[in-house]
Amino acid sequence: MSKVRVLVGTRKGAFVLTADGKREKWEVSGPHFSGWEMYHLKGSPADPNRIYASQTSGWFGQVIQRSNDGGKTWESPGGGLTAEGGRPKVSNKFAYDTSAETGKPLTTHQWYDGTQHAWEFKRVWHLEPSLTDSDTVYAGVEDAAIFRSTDGGSSWHELPGLRGHGTGPKWQPGAGGMCLHTIILDPSNPKRIFIAISAAGAFRTDDGGKTWKPTNQGLHSQYIPDPKAEIGHCVHHMAMNPKRPNVLFMQKHWDIMRSDDAGDSWKEVSGNIPTDFGFVIDIHAHEPDTIYVVPIKSDAEHFVPEGKLRVYRSRSGGNEWEPLTKGLPQKDCYVNVLRDAMAVDSLDKCGIYFGTTGGQVYASADAGDTWAPIVRDLPAVYSVEVQTLS
Amino acid sequence: MKIRVELPQHLRTLAKTGREVQLEVQPPVTLRSVLDALEAKYPMLRGTIRDHVTLQRRAFLRFFACEEDLSHQSPDAPLPDAVVSGKEPLLVIGAIAGG
């Protein structure tokens, strides 16, 4: 029988939630890495027992963890000597590539006040395992850059063409920092990767990460001097249904956007939604035009409007939205749902999962029609990913 | 020489060790030589106490020994005799900030 495994990163540890295909009775494992900020955990599509986790701390910096048994046990990979007998590989070393041979100069980016500021590594926001090789994984980091490991997370190397894009001095941090938070691998084209940065915008590579182009045409942002600028948009999250890789959906700071040409152009599909500010966006596993968002009141008030936790669903690829409320609190609720804290499984009916800053993880086993909490009292949830296991 | 180093809880968990570790350090015994030995024995601690690239102390960590704050002394300054002899440990402390 099918199973699902939900990987939850929180402000004070990680949790693994498991259930059978009915998704009614859940087992909760954790906290793993108790006391550490767990920004993101994600399993390898090539080997579901291989899970990568970003463990981070303002005191002790960044650590990468890896499990080979579905999250039961963990190790920080690396430690062995290099092939040349040199210093040990270290899984938490994210050094920007400034070498003359392969890298780019460590330039500056825009600071909150408009002055230029040095690039500094702070943490890993998102880990995206390869679709085909369990030892290859990408990391999106703050200050914004993309790294790749091809040895199971033991060592990391920047793809410097992105950070070194000529527009770097115009990138600026969002409220959470200048983070690269979204990495989407195209299942139909192994050379194509989509990424998004707050607040620079969306980028795409078609050559495996050597060169990148901004893909922000059609975005409109009032908080930058030129609202239609090529760079500077605060993209909060993007999603793609693997069955239709040229179609992308985006939750921007404000505005819900859709692209039908792999990001070359965007059009707004906020339609009748009550507020189009938000962080998460995701897509039904079997219906590529069914989209989910959680509207947030505003950029100044990061909680759901009217004290009601409502997921909004569009079955028409945007513009027409319906609130989903059954099983969700409809009074006195003031939580947020952060950008990586929603995921879908691939069972039939499609399961939808999301976590809140109030520590609840909600699940729907019927594509959003009804909801129930899996857990209610975790630390603030940073990320939710789900694995569908046979 | 056996040098004693006390680690904060999160680093003990990460290194899978107890409160105190003992390290063989060749003289001169300095912050740099002790941390080099610590990171050689526990590679997972690289980057958690000192920055990978600059080897500067991370901002929210402090080094105490013999009731003195050694955080701002040169990494190449000799450590107190009591640390060198193993009588007193070198304490790696997480600054009290946040929760």
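Predicted model: local features only at pLDDT ≥ 70, side-chain atom pairs only at ≥ 80, totals over all residues.
**Entry 1: confidence**

I began with the scores. The model has an ipTM of 0.87 and a pTM of 0.95.

**Entry 2: overall form of chain A**

I listed the secondary structure next. Chain A holds one helix and 31 strands. I then took the box around its C-alpha atoms, along the principal axes: roughly 60 × 50 × 40 Å.

How does the radius of gyration of chain A sit against that of a compact globule? For 390 residues the rule gives a value near 21 Å, and chain A has 20 Å, so the two agree. I also looked up burial: 54% of the 390 residues of chain A count as buried. For contacts in chain A with a separation of 6 or more, 51% come from residues 24 or more positions apart.

**Entry 3: one sheet**

I picked out an open sheet of four strands in chain A, ordered E19-E20-E21-E22. Its pairing is antiparallel. Which strands are at the edges? They are E19 (235–240) and E22 (267–268) of chain A, and each pairs on one side only.

I followed E21 (residues 256–259) of chain A across to E22(A). Two bridges join these antiparallel strands. Arg258(A) has Lys267(A), in E22(A), as its bridge partner.

**Entry 4: nonpolar core**

Nonpolar side chains tend to be buried together in soluble globular proteins. I went to the largest nonpolar core here, which has 131 residues. Among the members that touch the most others are Met238(A), Tyr353(A) and, from chain B, Val34(B).

Tyr353(A) is in contact with Val6(A), Met342(A), Ala343(A), Val361(A), Ala363(A), Val384(A) and Val386(A). Of these, Val6(A), Val361(A) and Val384(A) are also listed with Tyr353(A) among the members touching the most others.

**Entry 5: a loop residue**

I located Asp47(A) in the loop between strands E4 (37–43) and E5 (51–57) of chain A. Is Asp47(A) buried, exposed or partly exposed? Asp47(A) is partly exposed, because 14 other C-beta atoms lie within 10 Å, and a buried residue needs 20 or more. Asp47(A) and Ser134(A) are 87 residues apart in sequence, yet their C-alpha atoms are 5.9 Å apart.

**Entry 6: the interface**

I ended with the contacts between chains. On chain B, 15 residues are in contact with 17 residues of chain A. Helix H1 (residues 9–15) of chain B gives the largest share of chain B's side, three residues. I sorted that side by type: seven nonpolar, six polar and two charged.

Terms used
Residues numbered from 1 in each chain as written. Chains lettered and ligands numbered in written order. Pairing = 2+ DSSP bridges. Contact = placed C-beta atoms within 7 Å. Nonpolar A, V, L, I, M, F, W, Y, C, P; charged D, E, K, R; others polar. Core = buried A, V, L, I, M, F, W, Y, C linked by C-beta atoms within 7 Å. Buried ≥ 20, exposed ≤ 12 C-beta atoms within 10 Å, placed from the backbone. Rg over C-alpha atoms; globule rule 2.2 N^0.38 Å. Lists of a residue's contacts leave out its neighbours within four places in sequence.
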